[in-house]
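Open the model in your viewer and keep the sequence panel beside it. The stops below say what to select and what is there.

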Amino acid sequence: MLEARGVTVRFGGLVAVNALDLDVPDRGIFALVGPNGAGKTTLINALSRVCPVAGGTVRLGDVDVLSLPPHAAVSAGIARSFQRAELFPSLTVLENLLVGLHSTMQTGLSGALMTPASRTEEQAARARAERVLRDLDLWEVRNAAPADMPYGHQKLLDVARALVSEPALLLLDEPFAGLTEAEAPRLLACIRAAGERCAVLMIEHHFELLEGIAQRMTVMDFGQKVSEGTPASMRTDPEVIRCYLGTGRHRTAAASAC
Amino acid sequence: MQRRLVIAILVACAVLPIAFQALGQRQVYWLFVISEFYVFAIVAISLDLLMGRSGQISLGQSGFVALGAYTAAILNQRFNVDLPLGMLAGAATAAVASLVLGFPATRLRGHYLGIVTLGFGIAIDQIALKWDALTGGDQGIHLHRPALFGVDAGTPVRMYYVALVALVVAVLLVRGLTQTRIGRAFAAIKDSEVAAAAMGVPVARTKVLAFIVSAFLAGAAGGIYAFLAGFVAPEDFGIESSLLFFAMVVIGGMGSIPGAIGGAVVVDAVKNAAATVSGLSLALLGGMIVLVVLFFPGGLKGLLRTRRIRRERRPAPKGVVRQDA
């Protein structure tokens with residue numbers, strides 16, 4: 001279980017995340033919502049050790065996440081996708097996924113010698129990556145360069161790369177942004193399946209979609225937690241309506257997607 | 001198709017000394033030129049691993065070659081060490097020295113790293129020139145006749161095969177590395193350090209490792225070069241050499257072993273063709289780098305890829321069905 005207490009992230013004089021507490025149980029889908037600039041992505045960056053944290057504690061099970069170097073977060077069980085798909089353009093789709101398995105593999109420079117041990121490990125990793133590619137219907141493009149794929153496919157690949165390491169906590173930053181209607185159900189099914197195996201914390205602006213899959217959501221504004229609860233309770237929460245959903249003719253762009 | 005081409009090239013390279021017998025005395029010169037090319041191609045591959053794969057610029061690769069060459073030469077001259085051990089000792093020395101560059105590389109990138117590596121190359125060159133007692137200064141070091149596990153390897157033909165086998169081994173090793181975990185990590189840190197770290201790649205350690213592996217290969221090439229030439233002197237490893245290796249990678253197209261070898265072919269050909277006029281080869285190669293960067297940023301590799309894509313996209317003539325359709 002993820003337990004964050006008093007997490008604070010500062011960029012110079014700007015407090016992007018302000019003493020935020022967050023609990024995410026072992027399984028299920030949890031959403032982070034809020035207007036643009038609320039600090040959602042910064043929080044995900046802090047939890048995944050991408051950006052430095054000014055204060056607070058983050059524990060995943062027994063592990064003190066903030067004491068880990070950035071690359072060790074994934075070994076501790078935290079994997080993530082990015083708001084704008086941060087893929088590796090010089091690698092193929094399959095190789096992108098294999099990088100997602102880097103921390104689960106051991107082969108070092110002996111890979112150059114193609115030793116039996118390194119070959120066995122490589123084959124096992126490829127089999128694992130190929131399963132995820134088939135689940136997300138990306139099998140046909142496994143040898144393509146990410147830049148040659150439509151943006152929706154790139155977003156799918158970004159999520160697939162996070163999923164492949166079978167994390168304990170999966171952090172997804174707007175995974176549905178840029179996906180077509182045809183692509184969204186595939187990802188939705190994948191996230192639902194992931195939520196049964198691990199904790200999924202996702203940032204998403206599609207409130208209706210979240211109502212269908214998220215068990216709980218945390219609403220943020222100006223770096224602070226505004227409210228927390230089930231999606232249904234958030235829809236009627238006056239604070240959430242004020243800062244995010246809006247009402248009547250003053251509905252925000254985000255809420256209009258509902 | 002590709003496999004057949006590679007086998008054909010390998011067979012041609014293997015029988016080349018036999019074909020060169022027709023040249024009479026001139027075969028010694030041509031065998032040396034081609035053997036030297038094989039050694040330079042290893043350096044180009046090593047630099048491509050660093051620049052093209054892991055995205056770390058180096059303008060001082062000849063410093064590693066020099067360390068390998070001088071280590072092999074000194075050990076050979078003083079302790080009569082033969083080729084394999086001399087080569088490995090040279091590679092190890094260069095790999096250890098690469099830590100000097102590897103650690104700054106964890107904090108620097110782009111032009112700044114380029115300047116540091118340039119300084120490294122110049123420093124090694126100057127040390128070789130000034131440290132007379134060890135390196136022989138501008139007089140250089142003459143090596144004993146090379147031996148391979150006790151067998152005389154001092155003939156041009158034998159050294160030709162030593163260089164050819166070394167190149168093939170280097171290609172296989174780098175190919176193996178780039179297709180497995182560490183090679184992918186190199187590419188990942190080049191493309192996005194943030195995403196690489198998020199996937200569990202230790203960025204700083206991987207950058208240092210790229211320097212070590214690249215230096216090891218360049219040092220090994222230096223060791224072979226020392227035995228091939230039979231003599232090492234500072235002028236072989238100056239800034240000009242570093243720029244030639246840089247040109248090989250840029251012209252060949254970064255991130256590709258065939259590209260690095262193709263670049264080495266072009267650069268070595270220009271260097272030898274323009275050898276009679278001092279400075280002409282560098283001027284030509286400088287111009288070629290500018291043209292490649294401006295008009296063909298993918299180098300030879302990019303040109304071939306563009307041609308292949310165009311050919312694939314060209315509509316087939318009426319009545320012809322493409323096999324891949």
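**Stop 1: the contact between the chains**

This is a predicted model. Select the residues where the two chains touch: 30 residues of chain A and 24 residues of chain B form the contact. On chain B, colour helix 7 (156-178), helix 8 (181-191), helix 9 (193-198) and helix 10 (203-229), each of which supplies at least two residues of the side that touches chain A. Helix 8 of chain B gives the largest share of that side, 8 residues. Now colour the side of chain B that touches chain A by residue class: 15 residues are nonpolar, 5 are polar and 4 are charged.

**Stop 2: chain B as a whole**

Of the 325 residues in chain B, 50% are buried. Among contacts in chain B with a separation of 6 or more, 75% are between residues 24 or more positions apart.

**Stop 3: confidence in chain A**

Switch to chain A and colour by pLDDT. The mean is 90, and 96% of the residues of chain A reach 70 or more. Where is confidence lowest, and where highest, in chain A? Helix 9 (residues 253-256) of chain A has the lowest mean, 45, while helix 2 (residues 93-100) of chain A has the highest, 96. Finally, select residues 249-258 of chain A, over which pLDDT stays under 50. For these residues the model has 17 contacts beyond four places in sequence.

Terms used
Residues numbered from 1 in each chain as written. Chains lettered and ligands numbered in written order. Predicted model: local features only at pLDDT ≥ 70, side-chain atom pairs only at ≥ 80, totals over all residues. Contact = placed C-beta atoms within 7 Å. Helix = DSSP H or I, 4+ residues; strand = E, 2+ residues; numbered from the N terminus. Nonpolar A, V, L, I, M, F, W, Y, C, P; charged D, E, K, R; others polar. pLDDT = per-residue confidence, 0-100. Buried ≥ 20, exposed ≤ 12 C-beta atoms within 10 Å, placed from the backbone.
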